[in-house]
Amino acid sequence: MEGLIYALIAIGFNVIYTSTRIVNFAQGEFVMLGGMLEYYFLLKGMPLGVSLLVSVLCVAVLAYAVYFIFISNSKNKDPLAFIILTIGVSMVLRGLSMIIFGKNAYPVKNFLPFSSITIAGFEFSSQYAVILAAVIVIAFFLVYFFMFTLKGKVMNAASINPTAVELFGVNVESLKAFSFFLSGLIGAIGGALVAPVSFVKYNYGLMFGLKGFAASVVGGFGNNIGAIVGGLVIGLSESLSAGYISSAYKDLVAFAVMLFVLFVKPSGLFGSKDVERV
């Protein structure tokens, strides 16, 4: 079931990459902030739905600001420079979260009134059913948005040839900023949904972000169906290694799977061959 979480994070990576060709390593911190703010607003007495909405919007606006403050103003437009920049942003966000929320891990209650679901003799947390529903809805929404809406098609075109798109009077910068807003929105939803099954802490976005990146690589950057498959492959690999070897090796196995895919199919299981290597 953790594969669903990685899939949701991988989709966030894809949204920015599809629109800007930037690999955003601050995506894990958007996940962390979604969970942290969800906890904070619930603690202040907000209803679950309102706290979820407010926390998600706050992170989405923050992601929008990250683009205009750091990415848009960067003098160096090289992809490697953007990767280093987003790593720096993630470290800043993690440090600020530690100062504001402290180093403790905080619990968040399940979204559904019952704690577990049993299907075919297998019992699992009811929160995973919520995560599964969210992954399906978000994946279908993004496929529809990028394939069938004018704005989604223009965002795709702008990522391939921004100069040509600008000649038609389109503000490419606003499209790129919107992709960060959308990615922050998805990351925060992931963080808020994951919070009940994994205590929220200032640094828990780091590993989620890396696993989401691994899922993107396995599935193929820019392909949301690939992101879901990649997330499930990483999650299943972790579960099998924890069950048959030791839970101590599950992180190692997850990244070993990513390296194996990079060796045998560098573009990922569903990726196109025009993905750039940095």
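## The β hairpin

Ala-120 takes a positive phi near 55° in the hairpin of β1 and β2. Two residues lie between the strands of this hairpin. The model is a predicted one.

Strand β1 covers residues 116–119, and strand β2 covers residues 122–125. They pair in the antiparallel sense, over four bridges.

## Overall fold

The protein has 11 helices and two strands. Along the sequence, the pattern reads α-α-α-α-β-β-α-α-α-α-α-α-α. The radius of gyration is 18 Å, close to the 19 Å from the globule rule for 278 residues, so the protein is as compact as a globular protein of that length.

The C-alpha trace spans about 55 × 45 × 35 Å along its principal axes. Take the contacts between residues at least 6 apart in sequence: 72% of them join residues at least 24 apart.

## Helix α10

Helix α10 runs over residues 224–244. Its 21 residues should span 30 Å at 1.5 Å a residue, and its end C-alpha atoms are 30 Å apart, so the two values agree.

Which residues of α10 are buried? They are Asn-224, Gly-226, Ala-227, Ile-228, Gly-230, Gly-231, Ile-234, Gly-235, Ser-237, Glu-238 and Ser-241. Their cover includes α1 (2–20) and α5 (126–148). It also includes α9 (204–219) and α11 (250–264).

## Burial and surface

Of the 278 residues in the protein, 48% are buried. The protein exposes about 13,400 Å². Carbon and sulfur atoms supply 70% of that area.

Notes: Residues are numbered from 1 along each chain as its sequence is written. This is a predicted model: local features need pLDDT of at least 70, side-chain atom pairs count only at pLDDT 80 or more; totals for chains, interfaces and linings use all residues. Side-chain values use heavy atoms; hydrogens and water are left out. Two strands pair if DSSP finds at least two bridges between them. The expected span of a helix is 1.5 Å times one less than its number of residues. Buried means under 20% relative accessible area, exposed over 50%, partly exposed in between (1.4 Å probe, protein chains only). Contact means heavy atoms within 4.5 Å. The radius of gyration is taken over C-alpha atoms; the globule rule is 2.2 Å times the number of residues to the power 0.38. Accessible areas come from the Shrake-Rupley method with a 1.4 Å probe; for residues, only the protein chains shown count as cover.
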